[in-house]
Amino acid sequence: MITKKNLVLLGPPGAGKGTLSDPLMAQEKLAHISTGEILRGEVAAGTELGKQAEACMKAGKLVPDQVVADMVAARLATPECANGFILDGFPRTVAQAELLEEAMVRIGMKLDAVILFEAPEDLLLQRLTARLTCKKCGVAFNKLFAPPKQEGVCDRCGGELIQRADDSLETAKNRLKVYHEQTAPLIQFYEGKGCLARIDSSLPVDKGFAALLALLK
Ligand code: AMP
């Protein structure tokens, strides 16, 4: 049983935020808000927002702060977030963190914990470039560390597994650079607020999940 349920998962791409979100949301009935997943949905649906975001995403750059913050604020205000939520991949800049604070005050919510996922850079690149993502449900597998039972097919929904365009080596390197320049300052930001906890994301999934649960008690 966890007591901390309004969560931000912070960390570089490939650190396993999405991987550990899955069992956490299943076990604790938390809402999962992945800004990357929402944006990929908008791109696939060809919406105006998707069209605006697509070029940034392809280059591994960040989509403008206000655009993602508005998207998240709208989700947080829905009843599915009332029992708790996992923010995965948001905030990614200090400006986004400030917009999140404003939105939470408006809605009458408060963050319980920010979990920083830490892993060495070479492992992150290895994970990102071997990642396979389900076109239909968005769940991630990994050719090296967590292959699907049947090649090219999602274990969960039977959808087709693809390599995300931004998981190519060049774009993955750029995403890590963007993380260090624009997202890493959030470590100090949340440390200053006394709500940051760290997790070693080079651990295997079962050990990582146990460590995460222990932090959220
Ligand atoms: P992710 O699936 O979290 O790795 O996100 C994929 C891409 O979506 C990122 O490389 C960005 O282009 C965009 N994106 C996702 N979340 C954010 C965010 N909080 N702020 C800006 N851009 C984002």
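In this predicted model, an oxygen atom of the ligand is 3.3 Å from an N or O atom in the side chain of Arg-164.

| Residue | Ligand atom | Protein atom | Distance |
|---|---|---|---|
| Arg-164 | oxygen | N or O, side chain | 3.3 Å |

On its own the ligand has 480 Å² of accessible area, of which the protein covers 96%. There are 16 residues around the ligand, and those that come nearest are Thr-35, Arg-40, Lys-61, Gly-89 and Gln-96. Helix H2 (residues 35-45) supplies the largest share of this shell, with 4 residues.

The second topic is helix H7. Spanning residues 169-183, helix H7 has 15 residues. From its first C-alpha to its last, H7 reaches 20 Å, close to the 21 Å expected at 1.5 Å a residue.

Which residues of H7 are buried? They are Thr-171, Ala-172, Arg-175, Leu-176, Val-178, Tyr-179 and Thr-183. Viewed down the axis of H7, these buried residues fall within an arc of 160 degrees, so they line one face of the helix. An α-helix has 3.6 residues a turn, so residues three or four places apart point the same way.

The buried residues of H7 pack against strands S1 (6-10), S4 (113-118) and S5 (131-134), and against helices H3 (48-59), H6 (121-129) and H8 (185-192).

Key
Residues are numbered from 1 along each chain as its sequence is written. This is a predicted model: local features need pLDDT of at least 70, side-chain atom pairs count only at pLDDT 80 or more; totals for chains, interfaces and linings use all residues. Side-chain values use heavy atoms; hydrogens and water are left out. Helices (H or I, at least four residues) and strands (E, at least two) are DSSP runs, numbered from the N terminus. The expected span of a helix is 1.5 Å times one less than its number of residues. Buried means under 20% relative accessible area, exposed over 50%, partly exposed in between (1.4 Å probe, protein chains only). The arc is that of the directions from the helix axis to the C-beta atoms. Contact means heavy atoms within 4.5 Å. A residue is near a molecule or strand if one of its heavy atoms lies within 4 Å of it. A polar contact is a pair of N or O atoms within 3.5 Å; within protein, one must be able to donate a hydrogen and the other to accept it, and residues adjacent in sequence count only if both atoms are side-chain atoms. Accessible areas come from the Shrake-Rupley method with a 1.4 Å probe; for residues, only the protein chains shown count as cover.
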